[in-house]
Amino acid sequence: MRHSALRREFSELIDIDAPVERLAGGFTFTEGPIWHPRDQYLLFSDMPADVRRRYDERAGIREVTRPSNKCNGMTYDAQLALVVCEHATSTLVREHDGKREILASHFEGKELNSPNDVCVHSDGSIYFSDPSYGRMPVYGVERPRQLDFQGVYRVRPGNREPQLLVDRNLFEQPNGLCFSPDERQLYVNDTVRALIRVFDVRSDGSLGPDRIFASGIRSELEPGVPDGMKCDSAGNIWVTAPGGVWVYSRSGALLGKIKVPELVANIHWGKADWRTLFICATHSLYAVRTKIGPRVEPFMRSNAPTSSARVASGAAANVSASAPERGIRTGALAIDPSRCALIIQDMQNDVMMEGGAFASSGSPQHARDQNVVENIRRLAEACRSRGVMVVHVWFVVEPGAPGFTLNAPLFEGVVDQKAMVRGSWGAAPVAGLEPQPGDHIVEKMRMCAFEGSHLEIVLKSGGRDTIIDTGAWTNMSIEHTARTGADKGYFVIVPEDCCSTMNADWHRASIEYAMQNVAAVTKSTELIEALG
């Protein structure tokens, strides 16, 4: 079955002839697919049959929950607790270690209609849609409604009273919803009106005014409606639609259509590399390989300890290793070298060496304690041999520092110490980390490697969406780059023994806290092993 490419960008997301494989069939109406990143299996619901099932490659399909309260949309929170929309009970629940916690059931004293689809923000807030489908026969339990509108809500951590986020009359039947990669936009589709709305997400988690992102998602010739919806790592929107799955660019242009033999209800990426799109389509479960994976959701970075955990390139991590003092074990990493770039940042004499402009900071001693130069050198050799792009990012100012703003003490120090001046010994790379043939060099005048540089052009030119972030200083340039990379939709890996700063306390503070929220933290030996 040949898919339909309406713009050339579609071929960058999926092969036009990619086969849609039927994994299993005989169901009543499938919904709510969600992939477990640590244990590598898919959960999905057969809603009218009131059963939840599990699929994995070794064991195939098996039943895991009956009755399931006619559950629909499912996801995980950052601790890998299952968050479930239940049609039969009109509740949003969380399941963990055999316990069932009600997250939301009423609004202003009245029962919710029937929570339908759900997604989790990185701050722990849970957003869900509440159409009335679960109060209809077959897909729920027929009963009178208590609310006279269909809304979109947010449940804040520790608060069971849902916050209504939209005008009561805005949606006829809100359904699928998803965040953009940077979580600055929330997309919500309306099944009856056959359109997708997009909202800006304010800093307090509320939504700004909506605008129409896409409309006319209907056909007189093929079955299908806007229902399940996901965002990929580049910000494209994949939504169930007539004939299968329609893919829109982040600007709202329809790029192409994935053809599926049955009416599609919902989708989710999975498998170790997050490049298999699972498709719940009426009576069957299908899968198709894609060239891109999902936006990184909080559960994909779960640091639940396990020896079998894996990290997939370009998409999501399900385990992160902390420093040994915290006692958290690192799972095995599985990484695609062709999608990775190693960034070696600020490893220059003024920053790292005795006699350098910043030697009095303690940086040279901590670099020795971390053995950081040798660790990075060894990692870089392994990366080059396996096809990983190697990018040297240098902090360089011109003599006299023209155009260099002195808006922070760090930058004032650069000028006062006459540091990082082009052509000087201080700006040169430390011995052992000189660029090799085939490496890239990027220059900057800020802490973050992305700011004011052409780093992103280099990464995109090589099709790299996974960053290995190394260099100095851990709590400054490395952390700034990891944060920005995560915001931009890159998957970031930080081998903590390939970073150093001014002292061990500052290094640990960054590695054990801030980095845990934006990156998968590991060790150089484990990373080299993961590269094959």
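Which residue forms a salt bridge with Glu-63, and how far apart are the closest N and O atoms? The partner is Arg-66, and the closest N and O atoms of the two residues are 3.0 Å apart. This briefing looks at a predicted model, so please read every value here as computed from that model.

**Salt bridges**

- Let us start with the general idea: side chains of opposite charge can pair when their charged atoms come close.
- Across the whole structure, a search finds 37 salt bridges.
- In the pair from our opening question, Glu-63 counts as partly exposed because its relative accessibility is 40%.
- Another salt bridge joins Glu-496 and Lys-523, whose closest N and O atoms are 2.3 Å apart.
- Glu-496 is in the loop between β32 (491-495) and β33 (499-500), and Lys-523 is in the loop between β34 (520-522) and α8 (524-530), so their pairing ties together parts that are 27 residues apart in sequence.
- Glu-496 counts as buried because its relative accessibility is 6%, whereas Lys-523, at 23%, counts as partly exposed.
- Salt bridges can also share partners, and in this way Asp-77, Arg-94 and Glu-101 are joined into one network.

**Aromatic rings**

- The search of the whole structure finds 16 aromatic pairs.
- In one of them, the ring centres of Tyr-127 and Phe-179 are 5.0 Å apart and the ring planes are at 85 degrees, so this pair is edge-to-face.
- Tyr-127 sits in strand β14 (residues 126-130) and Phe-179 in strand β17 (residues 174-179), so to speak a link between distant parts of the chain, 52 residues apart.- Tyr-127 and Phe-179 are both buried.
- Trp-238 and Trp-269 form an aromatic pair that is also edge-to-face, with 5.0 Å from centre to centre and 75 degrees between the planes.
- Here too the pair links distant parts of the chain: Trp-238 is in strand β22 (residues 237-241) and Trp-269 is in strand β25 (residues 266-270), 31 residues apart.
- Trp-238 counts as buried because its relative accessibility is 0%, and Trp-269 counts as buried at 1%.
- One aromatic cluster is made up of Phe-107, Phe-128, Phe-149 and Tyr-153.

**Charges over rings**

- The ring of Tyr-41 has the charged end of Arg-54 sitting over it, 3.7 Å from the ring centre.
- In the same way, the charged end of Arg-446 sits over the ring of Phe-411, 3.8 Å from its centre.

- Where is His-3 placed? His-3 is in the segment before β1.
- With a relative accessible area of 4%, His-3 is buried.
- A polar atom of the His-3 side chain lies 2.8 Å from the backbone oxygen of Ala-18.
- The side chain of His-3 also reaches the backbone nitrogen of Lys-259, at 3.0 Å.
- Leaving aside neighbours within four places in sequence, the residues in contact with His-3 include Phe-10, Ile-14, Val-20, Ile-258 and Val-288.

**Helix α4**

- Which residues of helix α4 (residues 409-416) are buried? Phe-411, Gly-413 and Val-414 are buried there.
- Looking down the axis of α4, we find its buried residues within an arc of 155 degrees, so they line one face of the helix.
- The face of α4 turned away from the buried side carries the exposed residues Pro-409 and Asp-416.
- Part of what covers the buried residues of α4 is β29 (389-395).
- After α4 comes Lys-418, whose phi is positive, near 50 degrees.

Notes
Residues numbered from 1 in each chain as written. Predicted model: local features only at pLDDT ≥ 70, side-chain atom pairs only at ≥ 80, totals over all residues. Heavy atoms only, no water. Phe/Tyr/Trp six-rings, centres within 6.5 Å; stacked < 30°, edge-to-face > 60°. Helix = DSSP H or I, 4+ residues; strand = E, 2+ residues; numbered from the N terminus. Buried < 20%, exposed > 50% of the residue type's maximum accessible area, 1.4 Å probe, protein only. Lys NZ or Arg CZ within 6 Å of the ring centre and 35° of its normal. Salt bridge = Lys/Arg side-chain N within 4 Å of Asp/Glu carboxyl O. Polar contact = N/O pair within 3.5 Å; in protein donor to acceptor, adjacent residues only side chain to side chain. Contact = heavy atoms within 4.5 Å. Arc of directions from axis to C-beta.
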